[in-house]
Amino acid sequence: MSKTVIVIDSTADLPKSIREELDLHIVPLNVHFGTEVFRDQVDLNSQSFYAKLKENKSMIPRTSQPSPAQFVDVYKQVASSDDQIISFHISNKASGTIQSALIAKSLLPEYNIEVIDSEGLSIHYGMQVIEMAKKAREGASVEEILKHRELVKKNIQVCFTVETLEYLHKNGRIGSASAFLGTVLSIKPILSIENGMVSGIEKIRGRKRALKRLVEYIVEKTADSTGENLYLGIVQGDAMEEADALEAELRKVFPKVGSILRADMGPIIGAHAGPGTVGIVAYKI
Amino acid sequence: MANVTKIDGDTFKQMISAASSYLLDNKERVDALNVFPVPDGDTGTNMSLTFKAASEELGKISSQKVSDLAQALARGALMGARGNSGVILSQLLRGFANETDALEVLDGVALAKCLNGASKMAYRAVIKPVEGTILTVAREAGEAALRAAREKNDAQHVLTNFLTAAHESLNNTPKQLPVLREAGVVDAGGAGYVVIWEGAVKFLTGDIKAQDLVKVDDTTTFAGVLSEESIEFQYCTEFLVQGDNIPQEDLKDYLADIGDSLIVVGDGDLVKIHVHTNNPGLALEKAVNYGQLLKIKIENMIEQNKEAVSSGKAGWTTESGAVEFKSTQKKDVEQELGVVTVAAGEGISVIMQSLGADRVISGGQTMNPSTADILDAVENCPAQNVIILPNNKNIVTTAEQVPDVTEKNVFVIKSKTIPQGIKALLSYDPDMSAEDNVKNMKDAIKEVKTGEVTFAVRDTNMNGMQIAEKDVIGLIEGKIQTVGKDVSGVVKELVSKLVDENSAILTLYFGADIEEDAAKELVDELNEQYPDLEMEAYSGNQPLYYYLISVE
């Protein structure tokens, strides 16, 4: 019997338990520290990544997309030509991953592969994956799964703050938040993701106020006061305590919210956002 | 080596191997071309590793058919593709291989077909093909190869012509892509592609052997910065023409004859001209027939380019790949909305500019700028809508005169202190409407409390306090709240009155008479006293005021 298989990449930042539970197939991106190359989550997990980052303070790690051949291998491994593959990935504006996936698709003309751009990063992308995988498990068709994902995408809200804009800047992923650069005062930016790229929302002074603002932003954008039908996710890179505090705060403002997804920002997004990045994702269906 | 009219399997293997070493040896030069900021830098490294992986695949097969070898090469590239440039290279090689059919050897015609097929495949594979990149270089060179093959069915002839065209196309990339032009470099991916085929040609002509380690000589034209020759028109000329019914088409035709990079925009009464030309005088002379000229700006681009080279600020990467920050200096381009502020002290002025203030008028408590001073700044500000932040109680009224005496659309925010002005600027977003900004700025001002520490200029009695000349006095929102003999003591006293349970961040702007160490020490002491507050100290360099204190 033919089946629907979801292939994602490692930038979804989903915890292992969820990846296994939802039967997701993952193609890793690569992290480069100088001449050393690591496959995201295969050779290097989040913890050792941030430790390495601290060791090599002067070195900005670089990242690279998977090769087309990596995608070909995974597609062949997880599906046959009777199956449907949904290959769903990190925003095309932030990474060339989709490019490699599309080339792999062109190399496997006998396979049914839908390559889709999530226009997301980290769990902003990852939570769309969860929704798709849940639908797939219910036995939905590819069309239904993609339609459901469109709906989620339309409602999904995201905001995050970084300790410093330096990482986004040096890696060329700063998007419209570049307007926040060059300020002499230390700024804790409130950022979001728009059309697949980082966008600037607000300049805040003080880390604590920035964290508080993240919660306010989500409350404003979801226009929700109970959290009853709200799905929430928190991602952090080397900022566990702050993420804990954020969760407590979110539970206060959304007393009826169910479980909140907690995720570690992986090496790829972490290399671009830098340590100390904290973000919230929220959506209703 | 004799002329190679046909490429057989053995030659192909050796040629690719030579090209691979050649690229590896020259990858730093390609890396240096990365435009900053650019996603996935290290183009030279990524391409050389991809090509190395590809060429190593050739060693694994025994067939001597060029078609088999080319397929192996493409397969290796696909597996070893690293970074975006590596992925595109893999598609170029795939396109090359697809055109080899089942050929044993490549003659000139077949080779040209392969080289042209390479670019076709790459264009198809790339989601959004952009001109001025490796794609353009591959395409234009591929077309040249086809032309060369029609002249003479000779592999070496084809490849040599291919390379010449690739070089030309590469040098042309800055004209096609503004980011390259700004950074003064050619496209890195295109350069990598040129190096590969340069290695191949050098092998065919016997200049290098397979596995030879050869450096590109320093005269190679993609050395990082546009060579002077590539700047065809020396002067970047910009100005406005103001008149009646200016014939824009005539102007355009004329200017197109004397230069390039032409922009002529505007309505019939006001036209903006931008042109690169070797004779700016001609441009001005022509335009002055139609009206008066405004905002004339002429820059010598060759000199600028030299400066960029000597200062190393043309988007160079250092060896580690860490990139120099390019300055984000504000350019005076006409914008929707501008901000004029008033500040005393170089430090305060710099902070305000960094937050987006377009013009900062020097002034403050004892040197209030006049309405004319403010008007001048407003007129000078490159925007039709201008927000004024007076940042001083006494200057608010002066600023409020300005809207009556200018054609511009002026909004005055009644900011009475420097911290209020800075707070307002923090909420400023040039992409939003003036009205929204005014609202946000007014709201923002309410969220900040201001303390000021200065000295008394005469004996007085105020709020029940005896104040002697030269006593240190502390003010909150302009009212004297505390008096003392010692600056730090007065600051602490004032802070205790300013801070409450809602306070989150305290900022000290220390004045021209305060040493940085003293300010830091004071922050440390305050930090101990208020561990929950985030604290920062900046040099405001303001006269007369030892400290300006902002509590949010």
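Q: Which residue with a positive phi follows H14(B)?
A: This is a predicted model. In it, helix H14 of chain B covers residues 346-354. After this helix comes a residue whose phi is positive, near 110°: B:Gly356.

Q: Which residues of H14(B) are buried?
A: A residue is buried if 20 or more other C-beta atoms lie within 10 Å of its own. In H14(B), the buried residues are B:Ile348, B:Ser349, B:Ile351, B:Met352 and B:Gln353.

Q: What do the buried residues of H14(B) pack against?
A: H14(B) has buried residues, among them B:Ile348 and B:Ile351. Their partners include both strands and a helix. The elements are S5, S6, helix H17 (418-426), strand S14 (505-510) and strand S15 (534-539) of chain B.

Q: In what order do the four strands of the open sheet in chain B stand?
A: S5 and S6 of chain B belong to an open sheet of four strands. The pairing in this sheet is parallel. The order is S6-S5-S7-S8.

Q: Which strands of chain B stand at the edges of this sheet?
A: An edge strand here has a single partner strand, so one side of it is left without a neighbour in the sheet. Two strands of chain B are placed like this: strand S6 (359-362) and strand S8 (409-412).

Q: What is the average twist from one strand to the next?
A: The sheet runs S6-S5-S7-S8 in chain B. From one strand to the next, the twist averages 20°.

Q: What is the bridge partner of B:Leu337 in S7(B)?
A: Strand S5 (residues 335-343) and strand S7 (residues 383-389) of chain B pair in the parallel sense. In S7(B), B:Leu337 has as its bridge partner B:Asn385.

Q: What angle does the direction of H14(B) make with that of S5(B)?
A: H14(B) packs on the sheet and touches S5 and S6 of chain B. Its direction makes an angle with that of S5(B) of about 165°.

Q: At what angle does helix H18 of chain B run to S7(B)?
A: Helix H18 of chain B covers residues 434-445. It lies across S5, S7 and S8 of chain B. Its angle to S7(B) is about 10°.

Q: How many residues of strand S9 of chain B are buried?
A: Strand S9 of chain B spans residues 449-455 and is mostly covered. Of its seven residues, the buried ones number six.

Q: Which residue of S12(B) stands opposite B:Phe455?
A: S9(B) pairs with strand S16 (residues 547-551) of chain B in the antiparallel sense over five bridges. There, B:Glu452 has B:Leu548 as its bridge partner. S9(B) also pairs with strand S12 (residues 472-476) of chain B, again antiparallel over five bridges. In S12(B), the residue opposite B:Phe455 is B:Val472.

Q: Which element supplies the largest share of the largest nonpolar core?
A: This core has 165 residues, and B:Leu73 and B:Phe162 touch the most other members. The largest share is eleven residues. They come from helix H10 (residues 188-204) of chain B.

Q: How many residues are in the second, separate core?
A: B:Leu73, in the largest core, touches residues including B:Ile16, B:Leu58 and B:Leu93. A second core is separate and includes B:Ala399, B:Leu426, B:Ala444 and B:Val490. Its residues number 65.

Q: What distance separates the centres of domain 1 and domain 4 of chain B?
A: Chain B is divided into domain 1 (9-225), domain 2 (231-311), domain 3 (335-445) and domain 4 (450-551). Taken over C-alpha atoms, the centres of domain 1 and domain 4 are separated by 66 Å.

Q: Which helix gives the largest share of the side of domain 1 of chain A that touches domain 2 of chain A?
A: Chain A has domain 1 (4-29 + 65-147) and domain 2 (156-284). Their C-alpha centres lie 25 Å apart. The contact takes 20 residues from each of these domains. On the side of domain 1, six residues come from helix H5 (residues 122-137) of chain A.

Q: Which helix supplies the largest share of the side of chain A that touches chain B?
A: The contact takes 34 residues from chain A and 36 residues from chain B. Elements of chain A that each supply at least two residues include helix H3 (68-78), helix H4 (97-107) and helix H8 (207-222). The largest share, six residues, comes from H4(A).

How values were computed:
Residues are numbered from 1 along each chain as its sequence is written. Chains are lettered from A and ligands numbered from 1 in the order in which they are written. This is a predicted model: local features need pLDDT of at least 70, side-chain atom pairs count only at pLDDT 80 or more; totals for chains, interfaces and linings use all residues. A nonpolar core is a set of buried Ala, Val, Leu, Ile, Met, Phe, Trp, Tyr and Cys residues joined through C-beta atoms within 7 Å. A residue is buried if 20 or more other C-beta atoms lie within 10 Å of its own, exposed if 12 or fewer, and partly exposed in between; C-beta atoms are placed from the backbone. Two residues are in contact if their C-beta atoms, placed from the backbone, lie within 7 Å. Domain bounds come from an automatic or database domain assignment. Two strands pair if DSSP finds at least two bridges between them. Axes are lines fitted to C-alpha atoms, for helices over the stretch in contact, and angles run from 0 to 180 degrees between N-to-C directions. Lists of a residue's contacts leave out its neighbours within four places in sequence.
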